Amino acid sequence: MSTLQLWGQYLPQFLAGLVVSLQLTGAALVLALALGTLLVLARTGRIRILAAIATGYVEVFRAVPVLVLLFTAYYSLAQLGLRLPGFWAGVVALGAFYGTLYGEDMRSGLQSVDPGQREAAVALGLSNGAVMRRVVLPQAFLAFLPPGTNELSNLIKDTSLVLTIGVTDLMFQANAAAAATFQPMDMFLLAGVVYFAFYILLSRILARWELNVQRRRS
Amino acid sequence: MHVVALYWQAIVDGGGVDLELTAIAVAVSVVVGILAAVGRIYGGKLLGGAITVYVEIIRGLPPILQLFIIYFGLSQFQINLSSFSAGLLWLVLYGVGYAVEIFRAGIEAVSVGQREAADALGLTRVQALRKIILPQAWMVMLPSLMTFLVLQVKNTTLLYLVGIADIMYQARLGTSATEQPAIMYGMAAIAYLIINLTLSRIGSTLERRQALYR
Amino acid sequence: MSSDVVVDIEGLTKRFGPRTVFEDISLQVQRSEVVAVIGPSGAGKSTFIRCINYLHPFDAGRIRVLDHELVGGGAPPSKATLRQIRMQVGMAFQTFNLFPHLTALGNVMLGPMETKRVPASDARDKAMALLTSVGLADRAEAYPRRLSGGEQQRVAICRALAMDPEVMLFDEPTSMLDPEMVGEVLGTIRGLAAQGMTLILVTHEMQFAKEVADTVVVMADGRVVEKGPARDVLEHPTSERSRTFLTRVLKPLETVEDGQEQGQHGGQESGPGATTALGGDHP
């Protein structure tokens, strides 16, 4: 069968795989942002022990490969009695790792805000909450966006790791099709086209969004 | 506990394989990366454009897919690479894609004034690069180079998929023999932790040492 | 007399770790009085003025601001007290510190809307009126990035004025400005003085201090070395320390004053701007 015919035949399966990849990305992103927020709160907060735990967590989870985290979430936790379905093991592993990155991005975003800004807001009589909400966070967000969106496109690529635990994402579909057709290059190229098209689309959208946010404020 | 004692040596052997591959791949990709970065900045539209596209592809495709294209994909054209060569080739191709960007950013971070000063002295472009720009860029690039090194160590985890006997391969082998994944992947995690934390320590020591010269 | 004292400072002492920034500073400021704090850099002037609205806590002494009492050393004042003080005491900073993500108008509207729940339309009217009074009505929709330093500082002053403060603090409001923009900001401050606003300002503009201030306080080496009516202190300093400081600062000024270059604000300062409303010299 010609490559194009094959592509036509397998495209629906690949797109179904892409949907799984995107669901995984979305769920892992939510977990990572929540965890990142907690890590920032813990690290900037007053409770020493929490700050130390958060710092330790970041050090360790940044140094361990995602695949090891994934196998831990899938196999090790099961052995210890917590049996996660593959999809959720993927969410936990990716969220646990990307949470450290997002936490760091948020922290440097907050640190990038000039202390004079806080001072000026406080001098106006704004409450602590209002200082954060109206003055610090809007500026920190702007600084957070570029690394944050970069992290997101890495996250999408890393979802492909769940192939190893049998989650039927895009990479899994490609691998299955490669084995079934004996034309691995054709199938992996199709997967590449889908991933790449999505990558380009997403990075364009995110870049435009970033530009918009920046332009609205200058 | 005897499981740990039994398999620790295998994990250490796997770590050796990982480090060997990382070292070779990083060395090659640094050299090629510098050349490609220079090509991207000074190489004109065609060369610069080609390098940009290459970088985008490496950054846009999932690592697993890249590895599978090299190992399984090429076999469709009767190019059957050994596990080791496929793994190494991928680490190099991937590494070059990252190193280009690191060196480009480093070179461009050196101020235009420095480049002008080098031109004004009558240095050739290669001389300016070697004597003026790269020594300054080094400081800027050091953190990202260390991140890159750690990233490559982590990337070696994928190599078990093509049958290279790295840490992950050993941990999986151990798991199927003992049915103790918690211990096996725990050992793997510790092994990576030791390697990567050591690398980051070396990196921050170097940074501090470099900062003294400024 | 004491009934009209709006800021009463007694024995104020501030330390950073083992270093004493200033010690035992006392100062009474009457309603509508203009106090200029001068002195060599590093004398603790900026830290001192920041104690008045408690941006910096202090270690000993007390400050009474309007009806509020701040005491050094012990527990910090309640959040409510602090917010009250800050709502009644406006401040302009050396580096302006405008909020970069808000327009000039947005900067001026923020305070009343957040702290007093003023409806947006009212806040907007008031902000526009203030910006108009400093000659910036046409810059209302501009973001700080697009404004010159002088424009930014005038917006920052409006931001503080939008809260209807009873006292205004200025921390070296012109020292980050290009020379040609100093005049417009000083004009605005002069307008405030003319309207009877109580002003405490840290400044290096001796000529301006001489003209506008009622009282000059000279700080050096962490203490007040001289305090009195502006003209007396600046022209006939009695303390040795303030004499050395003033000869160093005033000498170059006096020589320039005879020359032509001084025209940019020397001229404005004696011009009509001195008595008209806010920044009247900048239509």
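**Close-up views of a predicted model**

**View 1. Strands 4 and 5 of chain C pair in the antiparallel sense.** In this predicted model, strand 4 (residues 60-65) of chain C joins strand 5 (residues 68-71) of chain C over four bridges. Val65(C) has His68(C) in strand 5 as its bridge partner. The two strands form a hairpin, with two residues between them. Leu66(C) sits in the turn and has a positive phi of about 50°.

**View 2. Six strands of chain C make an open sheet.** The strand order is 6-7-8-3-9-10. Pairing is mixed. Strands of a sheet pair through backbone hydrogen bonds, in either the parallel or the antiparallel sense. Strand 6 (89-92) and strand 10 (223-229) of chain C are the edge strands, each pairing on one side only. From one strand to the next, the twist averages 15°.

**View 3. Strand 6 of chain C runs parallel to strand 7 of chain C.** Four bridges link strand 6 to strand 7 (residues 167-171). Val89(C) stands opposite Val167(C), a residue of strand 7. Strand 6 is also an edge strand of the sheet.

**View 4. Chain A touches chain C.** The contact takes 17 residues from chain A and 19 residues from chain C. On the chain A side, helix 5 (115-123) and helix 6 (128-158) each supply at least two residues. Helix 5 of chain A gives the most to this side, with six residues. The chain A residues that touch chain C divide into eight nonpolar, six polar and three charged.

Terms used:
Residues are numbered from 1 along each chain as its sequence is written. Chains are lettered from A and ligands numbered from 1 in the order in which they are written. This is a predicted model: local features need pLDDT of at least 70, side-chain atom pairs count only at pLDDT 80 or more; totals for chains, interfaces and linings use all residues. Two strands pair if DSSP finds at least two bridges between them. Axes are lines fitted to C-alpha atoms, for helices over the stretch in contact, and angles run from 0 to 180 degrees between N-to-C directions. Two residues are in contact if their C-beta atoms, placed from the backbone, lie within 7 Å. Ala, Val, Leu, Ile, Met, Phe, Trp, Tyr, Cys and Pro count as nonpolar, Asp, Glu, Lys and Arg as charged, and the others, Gly among them, as polar.
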